[in-house]
Number of protein chains: 2
Amino acid sequence: MENCIFCKIINREMPSDIIYENEQVIAFKDIHPKAEVHVLIVPKKHRANLNEIDDNEKELLAAIFLAAKQIAQQLNLGAQGYKLVLNVGRGAGQVIDHLHLHLLSGTYNRPLNEI
Amino acid sequence: MENCIFCKIINREMPSDIIYENEQVIAFKDIHPKAEVHVLIVPKKHRANLNEIDDNEKELLAAIFLAAKQIAQQLNLGAQGYKLVLNVGRGAGQVIDHLHLHLLSGTYNRPLNEI
């Protein structure tokens with residue numbers, strides 16, 4: 001998708017701190033972290049948000065959350081735990097129209113409402 | 001699972017305000033709502049949290065989030081949007097050890113960090 005910042009990251013047209021990747025999903029550090037650990041998990045297929053995910057895309061949807069679980073293990077978050085936040089729509093704080101799951105852990109430096 | 005409050009709700013051994021149900025998932029209003037709209041979406045199979053979901057349970061995992069999308073439509077949240085929050089582990093604010101996805105929308109009466 002032209003002019004989509006996350007598509008550019010996926011296509012290596014923009015730099016980012018990628019910490020995980022598989023066939024369906026990529027994950028990188030948020031450039032404005034709201035917590036000690038703040039990772040964005042993004043499907044490689046451009047979907048604006050959850051409302052655009054069809055019933056026949058269960059595999060893709062599950063891949064996003066299984067990646068989150070994998071990343072949490074990779075970052076040793078077992079003991080401290082982690083929050084996953086998915087904003088759907090501008091009114092809920094979604095700023096970039098490419099589905100992204102926030103993985104957050106540790107101390108927060110902003111209220112989660114603003115994430 | 002004995003003594004699990006969400007299993008009791010699923011089995012109708014405890015009352016709750018159920019707003020959605022299908023074969024895999026049930027959803028009911030949080031009894032202590034932290035926002036105007038605060039719904040809990042729960043898989044009928046007892047799983048403590050996301051870390052207990054296996055790679056062969058993609059169908060179940062996807063069902064939770066597709067249910068969230070359905071419920072948002074049912075509640076007409078299209079314009080105002082909604083947030084989905086999944087806490088994994090005590091340190092991240094998970095209080096009940098049966099996986100539950102928070103669906104939140106409208107005005108919050110508590111910081112999301114405490115949800």
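Visitor: Against which elements do the buried residues of α2(B) pack?

Guide: In this predicted model, they pack against α2 (58–74) of chain A, and within chain B against β1 (18–21), β2 (25–29), β3 (35–43), β4 (82–88) and β5 (101–108). Contact means heavy atoms within 4.5 Å; helices (H or I, at least four residues) and strands (E, at least two) are DSSP runs, numbered from the N terminus.

Visitor: How many of the residues of α2(B) are buried?

Guide: Buried means under 20% relative accessible area, exposed over 50%, partly exposed in between (1.4 Å probe, protein chains only). Of the 17 residues of α2(B), 12 are buried, so the helix is largely enclosed by the rest of the structure. Among them are L60(B), F65(B), K69(B) and I71(B).

Visitor: What should helix α2 of chain B span?

Guide: The expected span is 1.5 Å times one less than the number of residues. For residues 58–74 of chain B this gives 24 Å, and the end C-alpha atoms are 24 Å apart, which agrees. N76(B), with a positive phi near 55°, follows α2(B).

Visitor: Which rotation superposes chain B on chain A?

Guide: Two copies of a chain are related by a rotation about an axis and a shift along it. Here the rotation is 180° with 0.0 Å of shift along its axis (RMSD 0.0 Å), by least squares on the C-alpha atoms of residues with pLDDT of at least 70 in both. That is the relation of a two-fold axis.

Visitor: What ipTM does the predictor give the complex?

Guide: The ipTM is 0.94 and the pTM 0.95. Chain A averages a pLDDT (the predictor's confidence in each residue, from 0 to 100) of 94. Residues are numbered from 1 along each chain as its sequence is written.

Conventions
Chains lettered and ligands numbered in written order. Predicted model: local features only at pLDDT ≥ 70, side-chain atom pairs only at ≥ 80, totals over all residues. Heavy atoms only, no water.
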